[in-house]
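Hi everyone, thanks for making time this morning. I'd like to walk you through a few packing and pairing details, so please have a look at the structure first.

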Amino acid sequence: MSYIAVLDFENLDNGIFLHAFAKALARHKQPGLVIHGDSEYTNRILQTGVMREQAARRAIKDLNLRLTALFADAGVPAVAMHGFHRDAVMVSAERDKGTSWQDMITIRSERLTHPPGTVLLLSCLAGVSETDGASEALSSTRTTQILPLPELARALMRELHIEQLILFSHAKGTDFIKLELPETLSKSEDRSFLEEHISRDFLASDLPFHLATPERFGMEEHLYELPRVQ
């Protein structure tokens, strides 16, 4: 896998974006890893009287299935997974105030393999272990944990040795106005501009990433020419 592409809250409720993304993904000869969280669908479930955590879990599970179907319609074969499947992504249940997410997350890379030419679609629902040992974690899964997408991306990049993280603009019509962006953008100096395009979670993190639109993402050979945000 050469990249991680992120589908976050805002874009997951944008049907036009999702169809454009699926078509762009279909043009890739070597698809990367696609991760996602929940969407505005969570708030619609909340209106039925479900608690927020439960609503978010339901939304994530439903989105995983919907995205797989959407990719299939675009001719993109996908392997759909949640992090807790096969204990591929585990989180320690014992979190002290000073413990970082990265000290809690265990990635079992051998369980994230998929056939060549397919997309691995992974949700942010991780398994929870009451132990810290990776081997013990396999037998002690009891519930699930919704991981922040930046922390999931960070752990996956570290364990899978992936250098490129790709986020997509939230601004409407960015493919049509053909934004001319510099090669690099600064999270501090260009913050007002980036706030129109990127979620606060990723702006608040120290993770560098590349900013894309579906049109530009479809040009696989030029992915490393995407503007870099750091």
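Strand S4, residues 89-92, and S5 run antiparallel, and three bridges join them. Within that pair, Val91 sits opposite Ile105 of S5. Please keep in mind as we go that this is a predicted model.

Let's zoom out to the sheet that holds this pair. It is an open sheet of four strands, ordered S5-S4-S7-S8, and the pairing is mixed. At the edges we find strand S5 (105-107) and strand S8 (144-146), each of which pairs on one side only. On average, neighbouring strands of this sheet are turned by 40° against each other, direction ignored.

So what packs on this sheet? H3 does, touching strand S7 (125-129) and S8, and the direction of H3 makes about 90° with that of S8. Helix H6, residues 149-160, packs on the sheet as well: H6 touches S4 and S5, and its direction makes about 45° with that of S5.

Let's stay with H3 for a moment, and bring in a helix partner. Two packed helices are described by the angle between their axes and the distance between the axes. Here, helix H1 (residues 15-25) packs with helix H3 (residues 52-73) at an angle of about 55°, and their axes are 9 Å apart. H1 and H3 are therefore oblique to each other, and their crossing is right-handed.

Which residues of H1 and H3 meet? From H1 we have Leu18, His19, Phe21, Ala22 and Leu25, and from H3 we have Leu67, Leu70 and Phe71.

My last stop is another strand, S9. Is strand S9 (residues 164-168) buried or exposed? Five of its five residues are buried, so S9 is largely enclosed by the rest of the structure. In a regular strand the side chains alternate between the two faces of the sheet. In S9 both faces are covered, with Gln164, Ile166 and Phe168 buried on one side and Leu165 and Leu167 buried on the other.

Strand S1, residues 3-7, pairs with S9 in the parallel sense over three bridges, and Ile4 has Leu165 as its bridge partner in S9. Strand S11, residues 209-212, also pairs with S9 in the parallel sense, over three bridges; there, the bridge partner of Ile166 is His210.

That's my tour, and I'm happy to go back to any view you like.

Note on methods
Residues numbered from 1 in each chain as written. Predicted model: local features only at pLDDT ≥ 70, side-chain atom pairs only at ≥ 80, totals over all residues. Heavy atoms only, no water. Axes fitted to C-alpha atoms, helices over the stretch in contact; angles between N-to-C directions. Helix = DSSP H or I, 4+ residues; strand = E, 2+ residues; numbered from the N terminus. Parallel < 35°, antiparallel > 145°, perpendicular 65-115°, else oblique. Left-handed = near helix turned anticlockwise from the far one by under 90°. Contact = heavy atoms within 4.5 Å. Buried < 20%, exposed > 50% of the residue type's maximum accessible area, 1.4 Å probe, protein only. Pairing = 2+ DSSP bridges.
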